[in-house]
Amino acid sequence: MLKIADKTFSSRLFTGTGKFSSTQVMAESIAESGSELVTMALKRVDIQKRDDDILAPLIASGVNLLPNTSGAKIAKEAIFAARLAREALGTNWLKLEIHPDPKYLMPDPIETLKAAEALVKEGFVVLPYCHADPVLCKHLEEAGCAAVMPLGAPIGSNKGLASRDFLDIIIDQAKVPVVVDAGIGAPSHAAEAMEKGADAVLVNTAIAAAADPVAMAKAFKLAVEAGRMAYEAGLAGQVKQAVASSPLTAFLDELA
Ligand SMILES: CC(=O)[C@@H](O)[C@H](O)COP(=O)(O)O
């Protein structure tokens, strides 16, 4: 079981709600993924009515909602969005996302830390999306964030763990759960993150944009479970030279 703040999860696959061809496909894919924590951009949710297109099936399914502040370019906007989300959705959980640059959607580390400090003080359970920067992740942890969400690669790029060496350091140092977020483009990328010891992964585009999102959601579910199982089993280390699996010359002993 994975514990983040006051909640426990049996699934280590978190999912997004964007880019699906329809709400029905989204709901079926999330159900198939087994995900228990689902993020949605506040800007996409009709906060006036709880029977909103995206919200209704999510609430009915019983998943935990993780509103995100995507669209915020500075800390002040993210804090405003967070308060709105708490009011509208009745959750103090928040995926803090601040990216001022629309081309690469790179998270702003300075504004993210500033907003995280303020939101933690207001009682939010803050899960910040950030660069795979070990020093920044430590600062976010010290600020009271419930987890850190370093990127694998730019959002929607499907490039996998381009930041793998830095993820290793973050995972090694972290005292809060590490959720690898963004850029995970294939089940094998998710498995790699889990094998490294990440506590969870968040996947959106690779599921939503697949030819068959429901089947892909299942593939990610299995990959995350396999990756976690491999991590817990303890991977055999890598060496440069070949090491024979069984004695090479024992059968020649007869000749001696
Ligand atoms: C939905 C969401 O929160 C995204 O911003 C997230 O970072 C996922 O990224 P991918 O779409 O690359 O999986």
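This is a predicted model: local features need pLDDT of at least 70, side-chain atom pairs count only at pLDDT 80 or more; totals for chains, interfaces and linings use all residues.
Rolling a probe the size of a water molecule over the atoms shows where empty space is left. Here, the largest pocket comes out at a volume of about 500 Å³. Its lining is made up of 28 residues, and those closest to the centre are K19, S70, E97, I155 and N204.

Which elements each supply at least two residues of that lining? They are β4, residues 37–41, then β10, residues 200–203, and α8, residues 205–208. The largest share comes from β4, and that share is three residues.

Now the helices. Two packed helices are described by the angle between their axes and the distance between the axes. The pair I picked is α4, residues 109–121, and α5, residues 134–142. Their axes come within 9 Å and cross at roughly 15°. Angles under 35 degrees count as roughly parallel, so α4 and α5 are roughly parallel to each other. The crossing of the two is right-handed.

Which residues make the contact? On the α4 side they are P109, T112, L113 and A116. On the α5 side they are L136, H139 and L140. Sorted by type, the contact of α4 with α5 has five nonpolar residues, two polar and no charged.

Conventions. Residues are numbered from 1 along each chain as its sequence is written. Side-chain values use heavy atoms; hydrogens and water are left out. On a 1 Å grid over the protein atoms alone, a cavity is a set of points where a 1.4 Å probe fits but cannot get out, and a pocket is an open set with protein on both sides within 12 Å along at least five of seven lines; lining residues have an atom within 4 Å of a point. Grid points are joined across faces, edges and corners, and a volume is the space filled by probe spheres set on the points. Helices (H or I, at least four residues) and strands (E, at least two) are DSSP runs, numbered from the N terminus. Axes are lines fitted to C-alpha atoms, for helices over the stretch in contact, and angles run from 0 to 180 degrees between N-to-C directions. Angles under 35 degrees count as roughly parallel, over 145 as roughly antiparallel, 65 to 115 as roughly perpendicular and the rest as oblique. A crossing is left-handed if the near helix is turned anticlockwise from the far one by less than a right angle, and right-handed if clockwise. Contact means heavy atoms within 4.5 Å. Ala, Val, Leu, Ile, Met, Phe, Trp, Tyr, Cys and Pro count as nonpolar, Asp, Glu, Lys and Arg as charged, and the others, Gly among them, as polar.
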